Amino acid sequence: MILVENVSLTIGRAQILKSVSLQIPKGGITALVGPNGAGKSSLLSLMARLLPLQTGAISIDGLPVDKTHGRDLAKVVAILRQDTATASRLRVRELVGFGRFPHHRGRLTAEDDALIDAALAQFDLADLADRFIDTLSGGQRQRAMVAMTFCQGTDYLLLDEPLNNLDMYYARELMRSLRRIADENGRTIVIVIHDINQAAAHADRIVAMKGGQIFASGSARAVLTPATLEAVFGYAMPVHEIAGLQVALHFHP
């Protein structure tokens, strides 16, 4: 379980998060949604200790993120950031293999090789394994970054807008892969996502943020209501049930 207790964050003169408290149960997919500037990415970064904790507390499976040794934390939680930068002359297999570093510390084992192969296959990258990163499309590169995060082998995966640069086919395939990983591998996935309908179709729970606070939290049926979506995103949008799924017509005139 990820436990966030009374966490606030201020950067410069801007208050990014305001007394956020949240429990994310172990297992399944939790989607963080909300407008730009709601604090979603900042909250994810605090969970992974990419930002220093200023107030409150965050723990993952009882480990306080601000006090746990970095190497130990890296075996529990992995994060994909928005602003990923990689060396252009890395091959895809090498990049994915970086996910194993907290475990082998520079001495790759046969088990590591097998896990890298599995990650490449999981995200449809096996045919690209020997390609250099700078020869890939933006979507291919994004899938490789997600594969590296998955390959780290942690119980918790924090993914900040992993659908960036993906076309409709691969966005769907990535969300389906994450669903399988949660169901078959028992992983806990927290994903920042702008596509509210992808969140509704694949996530177990949705956390809607606005103005640095938690506005609503629950199942897609509970959160995807016209009233809640208008309050969070600032305009009215109809919501319909289609094939058993809540679908927000956010493009509706």
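**Salt bridges in the model**

Author: In this predicted model, a search of the whole structure finds 11 salt bridges. One of them pairs Asp155 with Lys26, with the closest N and O atoms 3.8 Å apart. This pair links distant parts of the chain, as the two residues are 129 residues apart. Asp155 belongs to the loop between helix H6 (138-151) and strand S7 (156-160), while Lys26 sits in the loop between strand S2 (14-24) and strand S3 (28-33). Both side chains fall in the intermediate class of accessibility: Asp155 is partly exposed, at a relative accessible area of 37%, and Lys26 is partly exposed as well, at 47%.

Arg176 is partly exposed, with a relative accessible area of 38%.

A further salt bridge joins the side chains of Asp183 and Arg179, at 2.8 Å, N to O. These two residues are 4 residues apart in helix H7, so about one helical turn separates them. Asp183 has 53% relative accessibility and therefore counts as exposed, the cut-off being over 50%. Arg179, by contrast, has a relative accessible area of 17% and is buried, because that value is under 20%.

Finally, salt bridges that share partners join Lys26, Asp61 and Asp155 into one network.

Terms used: Residues numbered from 1 in each chain as written. Predicted model: local features only at pLDDT ≥ 70, side-chain atom pairs only at ≥ 80, totals over all residues. Heavy atoms only, no water. Salt bridge = Lys/Arg side-chain N within 4 Å of Asp/Glu carboxyl O. Buried < 20%, exposed > 50% of the residue type's maximum accessible area, 1.4 Å probe, protein only.
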